[in-house]
Every structure is written in C-alpha cells, then in structure tokens.
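Subject: Structure for your review

Dear colleague,

Please find below the sequence and the structure that I promised to pass on.

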Amino acid sequence: MEEMSMSSVARSISYITGSQLLSLKRRPNIAIVDVRDDERSYDGHIAGSLHFASYTFPENIPNLIQQVQGKDTLIFHCALSQVRGPKCARRLLEYVTDFEKEAGIKSIMVLEHGFNGWEASGRPVCRCTDNPCKAETS
C-alpha cells in the first residue's frame, strides 16, 4: 500500500478514487468531510463522514480542526467534487499552512467524482441524520 507523505503538514491537495477511499476509510487516521449543502439531508452520505456545508465552511474551519483531532488525512467531497469540495480543501490547506502546529493534518485529498460518483458505483450510502455520522465506516 502506498505510504502517506512524511511531511509534517499538508502542502498540496491530491485526488483519491472511490476504490482507494473504500480501502482506506476504515483507518482511524482518516476523516471524510462532506461539504455539500442541503442535499446531504435527502441524498444520503458516505458512512462515517462529517458534514460542513460549503457556504459556512470558512468560519467553521476551527470547529473542523477540533473534530478531526488525531486524524492526519482529510478527504473532501461535494456532489461531483468539481467546485465546492476542491474549494473547501484549498481553504483548509491555507489554514493549516498558517497554523501547522495545532492542526496535525498531513494529507488533504478530494474524492474524484464526488458523492454522486460514489453512489453511482454502488458504494455504501448512509441515510442517517447524525452529524458526524456514527455509522460504521466499512
């Protein structure tokens, strides 16, 4: 399996496929961050994911950092991972670059094809209303 970057803080954003995420998401150091807005409530979500709506993301970055303590890899997605997911990932990257000592985040990724691609590929979707989702991440 490919090793994660050994640098002390994330310096760039990479992309991850749904298959790669499926094999990694049970690791305790991974957090999945759903930045879709209201559609999460009726379309479902990836089990175990956190929800931080894109329209309030900038002011909620400190809250996200607090919720992902102990995790060094964050994987962002929106519906298609073309605009909101990458934009929020970049905002977090800028934040951790400025405050690297308190964040501990080594890798920031974006899920290729977003939630829609995840669901269309037949991967598991949770429909609970909890945030964070407490469903098993398997």
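The protein chain holds six helices and five strands, where helices (H or I, at least four residues) and strands (E, at least two) are DSSP runs numbered from the N terminus. This is a predicted model, in which local features need pLDDT of at least 70 and side-chain atom pairs count only at pLDDT 80 or more, while totals for chains, interfaces and linings use all residues. Residues are numbered from 1 along each chain as its sequence is written, and side-chain values use heavy atoms, with hydrogens and water left out.

Read from the N terminus, the elements follow the order β-α-β-α-β-α-β-α-α-β-α. The five strands form an open sheet in the order β1-β5-β4-β2-β3, with parallel pairing, two strands being paired if DSSP finds at least two bridges between them. β1 (13–16) and β3 stand at the edges with a single partner strand each, so one side of each has no neighbour in the sheet.

Strand β2 (residues 30–34) is joined to strand β4 (residues 73–77) by five bridges, with Ala31 opposite Leu74, and to strand β3 (residues 50–51) by two bridges, with Val33 opposite Leu50. Five of the five residues of β2 are buried, that is, under 20% relative accessible area with a 1.4 Å probe and protein chains only. Ile30, Ile32 and Asp34 lie on one side of this strand and Ala31 and Val33 on the other, so that both faces are covered. β4 also pairs in the parallel sense with strand β5 (residues 107–111) over four bridges, and here Phe76 stands opposite Val110.

Helix α3 packs on this sheet and touches β2, β3 and β4, its direction making about 140° with that of β4; contact here means heavy atoms within 4.5 Å, and axes are lines fitted to C-alpha atoms, for helices over the stretch in contact, with angles from 0 to 180 degrees between N-to-C directions. Helix α4 lies across β1, β4 and β5, running at about 175° to β5.

The axes of α3 (residues 57–67) and α4 (residues 84–98) come within 10 Å and cross at roughly 60°. Phe57, Pro58, Ile61, Pro62, Leu64 and Ile65 in α3 meet Cys88, Arg91, Leu92, Tyr95 and Val96 in α4.

With best regards

Conventions. Buried means under 20% relative accessible area, exposed over 50%, partly exposed in between (1.4 Å probe, protein chains only).
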